[in-house]
Amino acid sequence: MTAAPTARSFRSKLAALAAGLSLALLAGCAAGPALDPQVSPTTSLTREETSAPSSEPTSTSTTEAVVETETAEPLVLPTCEEMNPMLTSMHDGARQNTNMEAVITEVNLDHFHEIAGPTAATAMAAATQVRGCWYPIYPDGHQPSEWIAELSKADQQPLIDALSSDPSITDVSNAGATAFTYDVNREETHDTIMVTYIFIGNAWIIDYNGVEHATVTPEVINRLTQPLKDLNPSLA
């Protein structure tokens, strides 16, 4: 008959232990950080799980944009003597063999705009840098000129499209560069200007009357682009 009191005693001790454990758990919960009374634990977890991924791509893309901006470097433009070695040599010979006093001179865009059409003028307005040179090699008459402009491919495209769609314009491609050439007849001065445009990378080369034999060939493209490639290996 002693088993019943022992069972009751065991249940009493178990109940007391469970009660004590419940109190300890409640005390432990109370000691932790209080939850927002307006937010359930599930919502709080959801906010924590979704907030971190949403901010991480933004931070990464911002960093990538900054790196891209910092690593993009402008083209190095050659000096007038470097820009067109052939015309420079012809100029030096003319000064030695004639009484020519004129010298190779860096020029602005006035003469460019005298010849260029509206699409070319719009493209030049978007250039980030430009250098132009005038090469006196003849005793009289029109002297050759050349410009190199740094222009994004997006800003080049409307001009390239316009040149490509004109059947009267000749185009030649070689070693990653594309050249277009055409003549402009000026009635007021009774002369003809041979215009040559060459596009390579972010560079646009403009040549007025500086192409030998008035013919654009792969060799001419190489000659006109090589000085720029020498200073900018990324174009090679």
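Two strands count as paired if DSSP finds at least two bridges between them. By that rule, in this predicted model, strand β3 pairs with β2 in the antiparallel sense over six bridges, and six bridges also join β3 to β7, again antiparallel. The protein chain holds eight helices and seven strands, and 32% of its 236 residues count as buried.

**Confidence and overall contacts**

- The average pLDDT of the protein chain is 78, and 69% of the residues score at least 70.
- Over residues 1–71 the pLDDT stays under 50, and the model has three contacts beyond four places in sequence for this stretch.
- Where pLDDT is low, the predicted coordinates should not be read in detail.
- Among contacts in the protein chain with a separation of 6 or more, 58% are between residues 24 or more positions apart.

- Strand β3 covers residues 145–150, and six of its six residues are buried.
- S145, W147 and A149 point one way from the strand, E146, I148 and E150 point the other way, and all are buried.
- On the β2 side, where β2 spans residues 129–134, the bridge partner of Q129 in β3 is E150.
- On the β7 side, the bridge partner of E150 is A203.
- E150 therefore has a bridge partner in each neighbouring strand, given that a pairing rests on DSSP bridges: Q129 and A203.

**Helix α7**

- Helix α7 has twelve residues, 153–164, which at 1.5 Å a residue should span 16 Å; the end C-alpha atoms are 15 Å apart, in agreement with that value.
- Its buried residues include Q156, L159, I160 and L163.
- Seen down the axis of α7, the buried residues fall within an arc of 105°, so they line one face of the helix.
- In an α-helix there are 3.6 residues a turn, so residues three or four places apart point the same way.
- What do the buried residues of α7 pack against? They pack against helix α6 (118–125) and against strands β5 (177–186), β6 (191–200) and β7 (203–208).

**G201, in the loop between β6 and β7**

- G201 is found in the loop between β6 and β7.
- With a relative accessible area of 24%, G201 is partly exposed, because that value lies between the 20% and 50% cut-offs.
- Not counting residues up to four places away in sequence, G201 touches K153, Q156 and L235; Q156 is one of the buried residues of α7.
- G201 and A236 are 35 residues apart along the chain, and their C-alpha atoms are separated by 9.4 Å.

**R186, in β5**

- R186 lies in strand β5.
- The relative accessible area of R186 is 13%, so this residue is buried, the cut-off being under 20%.
- Leaving out residues up to four places away in sequence, R186 touches H111, E114, I115, H142, D191 and I193.

**N232, after α8**

- N232 is found in the segment after α8, a helix that spans 218–231.
- A relative accessible area of 6% makes N232 buried.
- Beyond four places in sequence, N232 touches L75 and V76.
- A polar atom of the N232 side chain lies 2.8 Å from the backbone nitrogen of V76.

Notes
Residues are numbered from 1 along each chain as its sequence is written. This is a predicted model: local features need pLDDT of at least 70, side-chain atom pairs count only at pLDDT 80 or more; totals for chains, interfaces and linings use all residues. Side-chain values use heavy atoms; hydrogens and water are left out. Helices (H or I, at least four residues) and strands (E, at least two) are DSSP runs, numbered from the N terminus. Buried means under 20% relative accessible area, exposed over 50%, partly exposed in between (1.4 Å probe, protein chains only). A polar contact is a pair of N or O atoms within 3.5 Å; within protein, one must be able to donate a hydrogen and the other to accept it, and residues adjacent in sequence count only if both atoms are side-chain atoms. Contact means heavy atoms within 4.5 Å. The expected span of a helix is 1.5 Å times one less than its number of residues. The arc is that of the directions from the helix axis to the C-beta atoms. pLDDT is the predictor's confidence in each residue, from 0 to 100.
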